[in-house]
Amino acid sequence: MTFLDVKNVTHHFFKEQQVATALENVNFSVGAGEFVSFLGPSGCGKSTLLSLLAGLLTPTAGEIQFAGDVEIGYMLQQDFLFPWKTIEENVALGLTLLKRENHDIVDELLEQFELAHTKKLYPPQLSGGMRQRIALARTLAVKPTLLLLDEPFSALDFRSKLSLENFVSETLKQFSTTTILVTHDISEAIAMSDKVFIFSARPGTILKSFIIPQEIRELTPFDARNAPAFQVLFQEIWEELDTDEY
Ligand SMILES: Nc1ncnc2c1ncn2[C@@H]1O[C@H](COP(=O)(O)OP(=O)(O)OP(=O)(O)O)[C@@H](O)[C@H]1O
């Protein structure tokens with residue numbers, strides 16, 4: 001079932017006398033529960049596209065259609081946890097803002113994320129990987145139907161990144177959350193996704209899409225990297241992105 005349809009989306013930024021075209025004629029669709037990634041050169045409009053999907057910007061032309069009501073969760077490279085609030089207060093933040101009474105979900109998520117022992121601590125007392133898990137718990141607490149991830153692993157060391165990729169992948173499968181990930185990391189995109197969209201340099205448009213084969217998708221992101229099909233796909237995507245702009 002199609003969850004999201006993006007049709008002929010073009011976006012210009014207007015600044016004084018100048019017009020910058022960030023995206024041009026972008027077309028794609030995402031099925032309910034699918035995990036898709038955007039890969040492309042710096043400045044090709046990936047973050048702009050996420051802002052358009054989140055409704056923070058309105059496209060200059062084209063249409064963005066969702067199959068039903070959509071609740072967006074947005075997670076960025078920085079965790080944006082409030083250092084003066086405890087972990088449990090940070091996780092409850094979205095629920096508090098939305099005036100939702102049920103805070104049991106905060107305890108359940110912290111339990112599930114094996115972070116219950118941190119609930120009375122403050123963010124500076126946790127490692128970068130733990131803080132990103134808290135940021136994910138805060139995002140999932142409001143039960144988003146679409147999760148937008150803008151390079152959420154890129155500030156982490158390699159080991160934390162791989163373990164968080166496994167964790168996020170497993171958690172999102174349980175929640176069946178439709179997810180869009182922006183990343184510069186080809187391996188990460190292949191290891192986590194059902195589908196990968198390759199963008200051209202600015203103005204960004206989709207050059208090609210790759211469906212990730214089942215033999216990769218059924219593995220954890222960590223194990224996927226050792227699958228023979230992974231290397232083949234990595235090479236194909238590498239060649240597609242092999243421009244001076246990347
Ligand atoms: N508010 C803005 N006003 C003017 N130009 C903007 C604005 N936001 C982004 N741009 C321009 O639009 C283009 C796309 O930017 P965007 O941040 O979406 O790219 P990106 O693919 O996410 O880049 P990166 O991979 O480096 O994060 C860039 O050329 C950027 O300079």
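Where is the place of Asn90?

A: Happy to walk you through it. This is a predicted model, in which local features need pLDDT of at least 70 and side-chain atom pairs count only at pLDDT 80 or more, while totals for chains, interfaces and linings use all residues. Residues are numbered from 1 along each chain as its sequence is written.

Asn90 has its place in helix α2, residues 87-97. Helices here are DSSP runs of H or I with at least four residues, strands are runs of E with at least two, and they are numbered from the N terminus. Asn90 is buried, because 24 other C-beta atoms lie within 10 Å. The word buried asks for 20 or more other C-beta atoms within 10 Å of a residue's own, exposed means 12 or fewer, and partly exposed is in between, with C-beta atoms placed from the backbone.

Which residues does Asn90 touch, not counting residues up to four places away in sequence? They are Leu81, Phe82, Lys85, Pro123, Ile134 and Arg138. Touching, or being in contact, means that the C-beta atoms of two residues, placed from the backbone, lie within 7 Å. Lys119 is 29 residues from Asn90 along the chain, and the C-alpha atoms of the two are separated by 9.2 Å.

Now look at Val91. Leaving out residues up to four places away in sequence, Val91 touches Val106, Leu109, Leu110, Ile134, Ala137, Arg138 and Ala141.

In soluble globular proteins, nonpolar side chains tend to be buried together.

Ile180 takes us on to the strands, since two strands pair if DSSP finds at least two bridges between them. Ile180, in β7, is the bridge partner of Val36. Strands β3 and β7 (residues 178-182) run parallel and are joined by 4 bridges. β3 also pairs with β8 (residues 195-199) in the parallel sense, over 4 bridges. In strand β3 (residues 35-39), 5 of the 5 residues are buried, so this strand is largely enclosed by the rest of the structure.
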